[in-house]
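The structure is shown first, and the details follow.

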Amino acid sequence: MHFSICFFIFFVGQSTFWAPVCNAGCMHSGLCCSGRDALCVSQGWRPDRSHGTCYCDQACTATLDCCHDYQQACPAVSCEVSQWNAWSDCAEPCTTTYRVRRRHVVQEPQNGGGPCPHVQEYAGCVEYWSQHKECRKSLVPALITTGGYGTARRKRDLSSTRDMRGYCVQFLVKSLSSGCQHTRGPHMHWMRYLREGHTVCVECQPPALSTDQQCNGDGEEAEKNQILQWQAVGNTHCWGMWKRMRRLDFCSCPIVHSFLFI
């Protein structure tokens with residue numbers, strides 16, 4: 001059992017009076033309430049050194065009418081979450097879709113403690129097999145390199161590719177990984193010109209043409225507005241998504257935004 005006796009001194013004329021005033025606060029009252037609660041009330045000193053009605057609810061820190069011992073009686077407890085679960089499989093096979101991982105709340109926040117972070121994360125993915133059958137070729141990530149490699153490649157393979165004609169495909173870059181901007185070595189500087197929202201040209205030169213006169217990953221068989229994957233050659237951390245816009249006989253993009261299928 002707790003007892004709390006205190007007195008308030010006041011004067012009337014030449015007379016002095018002692019009046020009992022309870023300095024209970026939150027701890028003595030056993031109160032600690034979430035949100036705003038008008039019934040979560042006590043009597044005692046407030047942080048501004050005034051005395052009277054004070055509160056032990058979470059809202060009192062904003063209204064500045066907490067009891068003097070609110071912080072001790074109702075310490076802030078921040079949210080705690082578990083470790084991430086393993087990534088799920090892709091939501092659908094044979095299409096550019098997403099996978100998900102989850103974690104759960106171990107400790108709910110209390111008394112104004114830090115809020116909970118998000119408990120679900122999504123990431124793009126593609127499953128290339130469905131019921132032991134290979135998915136369509138349009139789903140294969142396009143392997144690309146700098147367009148500057150093209151001149152040397154054409155000279156080297158000119159004699160064996162006289163009867164083969166290349167083409168160009170324009171894509172709109174929808175997303176890319178941060179690894180494209182963090183490259184090392186001069187042979188990877190070209191990746192820094194990849195930007196979300198930019199239109200890029202990717203050339204399909206004869207050395208990369210398959211027997212059906214097509215470059216892997218060019219999106220020829222993709223459905224309209226389908227989002228496709230690409231991967232930069234030489235940097236496994238540089239990849240992203242783009243949407244095929246159109247096929248051209250010749251590339252018309254600036255040199256820094258022109259690339260090659262591998």
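## Strand pairing around β16

In this predicted model, strand β13, which spans residues 199-204, pairs with β16 in the parallel sense over 3 bridges, and within that pairing Cys201 has Ser258 of β16 as its bridge partner. Strand β11 (residues 142-146) also pairs with β16 (residues 258-261), here in the antiparallel sense and again over 3 bridges, with Leu260 of β16 as the bridge partner of Thr145.

These pairings belong to a closed barrel of 6 strands with mixed pairing, which runs β11-β14-β15-β12-β13-β16. Neighbouring strands of this sheet are turned against each other by 45° on average, direction ignored.

The whole structure contains 3 salt bridges. In one of them, Glu121 meets Arg101, with the closest N and O atoms 2.7 Å apart; the pair links distant parts of the chain, since Glu121 sits in strand β8 (residues 120-125) and Arg101 in strand β6 (residues 97-102), 20 residues apart. Glu121 counts as partly exposed, because its relative accessibility is 23%.

Glu220 forms a salt bridge with Arg244 at 2.9 Å, N to O. Because Glu220 lies in the loop between β13 and β14 (227-232) and Arg244 in strand β15 (residues 239-248), this pair ties together parts that are 24 residues apart in sequence.

Through shared partners, salt bridges join Glu220, Arg244 and Arg247 into one network. Glu220, at 36% relative accessible area, is partly exposed, as is Arg247 at 41% relative accessibility.

Terms used: Residues are numbered from 1 along each chain as its sequence is written. This is a predicted model: local features need pLDDT of at least 70, side-chain atom pairs count only at pLDDT 80 or more; totals for chains, interfaces and linings use all residues. Side-chain values use heavy atoms; hydrogens and water are left out. Two strands pair if DSSP finds at least two bridges between them. Helices (H or I, at least four residues) and strands (E, at least two) are DSSP runs, numbered from the N terminus. Axes are lines fitted to C-alpha atoms, for helices over the stretch in contact, and angles run from 0 to 180 degrees between N-to-C directions. A salt bridge is a side-chain nitrogen of Lys or Arg within 4 Å of a carboxyl oxygen of Asp or Glu. Buried means under 20% relative accessible area, exposed over 50%, partly exposed in between (1.4 Å probe, protein chains only).
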